[in-house]
Each structure stands twice: as structure tokens, then as C-alpha cells.
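Hi,

Here is the structure I promised to pass on. My notes on what turned up are below it.

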Amino acid sequence: MYYHHSESWGYYTAAAAAAAAARVMADPLERVARLASENAVVIFSLSSCCMCHAVKRLFCGMGVNPTVYELDQDPRGKEIERALMRLLGNSPAVPVVFIGGKLVGSMDSVMASHINGTLVPLLKEAGALWL
């Protein structure tokens, strides 16, 4: 199947788009980066993790609506969890928070940012918090 956008764009095949998407989805670190950059606040979580619950409640209590990826409900969640562990230097993989596409870190980093007053400016800069 071919789609013709314009002469300057040439022809675009659905198969080529699927192949490009498969390449991005093949590498868990690339998938993490893509998912993290799609929303202002992204949390990688496990639905049964109490620390994940606490960080989600922190953001919701501040009036932030984070995008949450529950890794235990994703068929490729274990791959993403391993990628997050590598990203964090083998520390516990969840929760992991990204703000504005940038890695903030795990629960201890988020709480440290909240306590020292740098979390709110990060959220405002990312467009996740208006006040």
C-alpha cells in the first residue's frame, strides 16, 4: 500500500513505517526515552509497589496528572524494568520518574527534590503545574 503526500515527499509505504516503529520498539532504552518524552510527567511503576503508590500520590496531591506505565501490566514490562535498572545504575528499578523528558530518578531523588524546593520549578518548566 502506498500513500502519496506530494512530489517533494515521495512515496510512503505502510510497511516502511511499521519497520521503523518495530526498530524503535525493539530497544527497551529507546522505548523508555520515547515514552518519557511524550508527556510532562512520566512514572514507570509496578501496581503492587508501595513506593510507586507513594510517588503517584505525591504528584496527584500536588495537582499534577502524571502518565503512569505499570510495568507489571505490560507484556514487555520486564525488559523495560531491566533497562531502567541499567539507566539508574542497578538501583531498584521502580518507581522511576521523568519530568519534561528528563530523568529525575527514583523515589529518593524525587523526595530530595521535593524537600529542597527544586521539584515545583521542574514541574512548572515542563508545563505539568500551573501555579
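The largest nonpolar core holds 16 residues, and Phe 59, Val 64, Val 97, Ile 99, Val 110, Leu 119 and Leu 123 have the most contacts inside it. By nonpolar core I mean buried Ala, Val, Leu, Ile, Met, Phe, Trp, Tyr and Cys residues joined through side-chain atoms within 4.5 Å, with buried set at under 20% relative accessible area (1.4 Å probe, protein chains only). Two or more residues each come from β3 (41–45), α3 (50–61), β5 (96–99), α5 (107–116) and α6 (119–126); α3 gives the most, with three residues. Helices (H or I, at least four residues) and strands (E, at least two) are DSSP runs, numbered from the N terminus. Apart from this core lies another of 15 residues, including Ala 36, Leu 46, Ala 93 and Val 96.

This is a predicted model, where local features need pLDDT of at least 70 and side-chain atom pairs count only at pLDDT 80 or more, while totals for chains, interfaces and linings use all residues. Residues are numbered from 1 along each chain as its sequence is written, and side-chain values use heavy atoms, leaving out hydrogens and water.

Now the sheet: four strands form an open one in the order β4-β3-β5-β6, with mixed pairing (at least two DSSP bridges between two strands). β4 (67–70) and β6 (102–105) are the edge strands, each pairing on one side only. β3 and β5 pair in the antiparallel sense over four bridges, and Val 42 has Phe 98 in β5 as its bridge partner.

Happy to talk it through!

Note on methods
Buried means under 20% relative accessible area, exposed over 50%, partly exposed in between (1.4 Å probe, protein chains only).
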